[in-house]
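Work through the exercises below with the structure open beside you. Try each task before reading its solution.

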Amino acid sequence: MQKRTLLSGQKLQITIKRLCHQLIENHIDFNNTVLIGIQPRGTFFADRVHQELSEILKTDTIKKGHLDITFFRDDFRRKDGLVTASSNTIDFIIEGKQVILIDDVLWTGRTIRAAMDALLAYGRPESVELMALIDRRFSRHLPIEANYIGLQVDSIDSQKVKVSWKENEGEDKVILLSEPSSPKKS
Amino acid sequence: MAADKLSTRHLLGIKDINLNDIELIFETADNFKEVINRPIKKVPSLRDITIANIFFENSTRTKLSFELAEKRLSADVVNFAASSSSVSKGETLIDTVNNILAMKVDMVVMRHPYAGAGQFLSRHINAQIVNAGDGAHEHPTQALLDAFSIREKLGDVAGKKVVIVGDILHSRVAISNILCLQKLGAEVMVCGPTTLIPKHIGALGVKVEHDLMKALNWCDVANMLRIQLERMDIKYFPTGREYSMMYGLNKQILDSLDKEIVVMHPGPINRGVEITSDVADSKQSIILNQVENGVAVRMAVLYLLASQNDK
């Protein structure tokens, strides 16, 4: 397995800061805007963005929730595993809010499709935007694009993007994993 | 965290599932409980699954609860009650079910007056089967929702003392409860008149007590069962009034205990017989929580079973 580091340490921190400033540009004081991290892995990123925003704006009133999409997936009974759900923690009303969906990696777009469905169970938001730390471009199965992107990467299906955080794996790091290619016959 | 798959294709009884299965069902039910308390109480997980509810015996709660669980998971539901069907024209169980399955049904939820009906069916047909009560044998989803309700009320089931009071002899709820609670690490006692306690129930590792006061003083949770008159072919006690005096739970008894116990009842309640109204409606009673949890637990069971039904 070959590893290539895409983002780490300070560079990742700068990326998060930039994304926060982009959010502030569009949402100013976050009066009517809420952040929703997608379970299980988008929540760490959402928590970071929330923390950073709160520091920049010196406020503790920005609303943040975690959304689980397990029951809304379109691959139920079509692949093994992954039936156990995570928790939903949305203790505010979505109706009429501007929602920023936050996930770590945007790949096929199917997770985001499910998240938009899951979100509707909490009411009708005024608008929904998407923030992704890593955008694996040119690999979408659905017509979905992110509004705020940390880093775009070109990757093939067999590769994997792994985002780890201090909170879950002890280190802030984004790596691209690929199987070593078999030597070509000339 | 529990593994992400049930060890069984059907839910025929608590006897056939392990601790890990029960924990997985509880964890999933926690999620569904949150779902059914949302403004929109529906998820699309089972939208391509058809479930037949086949009830050869009367039911209100269980049938409604299963039907709601199925609908909240977006499954297609067909209902079948034996009283209004061709069963009364002499059709056999396998024929009846096979005819229903020929209409492309994926899962069967069945209640039947004979013990082992679910087991029998699972050997002969292809669909997944959920036992919603078979004779005096098992009623697994009731036991799961009872244990889930205890876990919710007291934080944990392990180490708790649960007494099941009443007609143990005719009760599938009692058997499933005993097995389920023991798997989760609780201590179980049964209490009732000698005639309504099966002779060899001690072999299941439960305590037997005939004095209600002693049983209540021992327990953290009292599960009061109904006297199943419809299953009694002979007289098991002199009169209903005498039963009620010996084994009925009233407010006076409840208040005389030195600790606050939790009162449960699987329904339907015969108010004034096994439990008085003021107890059934008291703060200590979690009877309606049991009903609410029933939907969440059944959603979890159906969801987890369906995940094994490959397209």
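## Exercise 1: The interface

**Solution.** The model is a predicted one.
- Step 1. Count the contacts: 17 residues of chain B are in contact with 15 residues of chain A.
- Step 2. Assign them to helices. Helix H1 (19-35) and helix H11 (287-306) of chain B each supply at least two residues of the side that touches chain A.
- Step 3. Find the largest share. H1(B) provides it, with four residues.
- Step 4. Sort this side of chain B by class: six residues are nonpolar, five polar and six charged.

## Exercise 2: The sheet of chain A

**Task.** What is the strand order in the open sheet of five strands in chain A? Which strands stand at the edges?

**Solution.** 
- Step 1. Read the order: E3-E2-E4-E5-E6 of chain A, with parallel pairing.
- Step 2. Look at the ends. Strands E3 (63-67) and E6 (148-154) of chain A each have a single partner strand, so one side of each lacks a neighbour in the sheet.
- Step 3. Neighbouring strands are turned by 25° against each other on average, direction ignored.
- Step 4. Inspect one pair. E4 (residues 98-106) and E5 (residues 127-137) of chain A run parallel and are joined by eight bridges. Asp103(A) stands opposite Ala132(A) in E5(A).
- Step 5. Helix H3 (residues 110-120) of chain A lies across E2, E3, E4 and E5 of chain A, at about 150° to E4(A).

## Exercise 3: A helix pair in chain B

**Task.** At roughly what angle do the axes of H5(B) and H11(B) cross? Is the crossing left-handed or right-handed?

**Solution.** 
- Step 1. Take the axes of H5 (residues 140-154) and H11 of chain B. They come within 8 Å and cross at roughly 120°.
- Step 2. Assign the hand: the crossing of H5(B) and H11(B) is right-handed.
- Step 3. List contact residues. H5(B) contributes Leu144(B), Phe148(B) and Glu152(B), among others. Those from H11(B) include Asn293(B), Gly294(B) and Val297(B).
- Step 4. Classify the contact: five residues are nonpolar, six polar and three charged.

## Exercise 4: Chain A as a whole

**Task.** How many helices and strands does chain A have?

**Solution.** 
- Step 1. Count: four helices and eight strands.
- Step 2. Check burial: 38% of the 186 residues in chain A are buried.

Notes:
Residues are numbered from 1 along each chain as its sequence is written. Chains are lettered from A and ligands numbered from 1 in the order in which they are written. This is a predicted model: local features need pLDDT of at least 70, side-chain atom pairs count only at pLDDT 80 or more; totals for chains, interfaces and linings use all residues. Two residues are in contact if their C-beta atoms, placed from the backbone, lie within 7 Å. Ala, Val, Leu, Ile, Met, Phe, Trp, Tyr, Cys and Pro count as nonpolar, Asp, Glu, Lys and Arg as charged, and the others, Gly among them, as polar. Two strands pair if DSSP finds at least two bridges between them. Axes are lines fitted to C-alpha atoms, for helices over the stretch in contact, and angles run from 0 to 180 degrees between N-to-C directions. A crossing is left-handed if the near helix is turned anticlockwise from the far one by less than a right angle, and right-handed if clockwise. A residue is buried if 20 or more other C-beta atoms lie within 10 Å of its own, exposed if 12 or fewer, and partly exposed in between; C-beta atoms are placed from the backbone.
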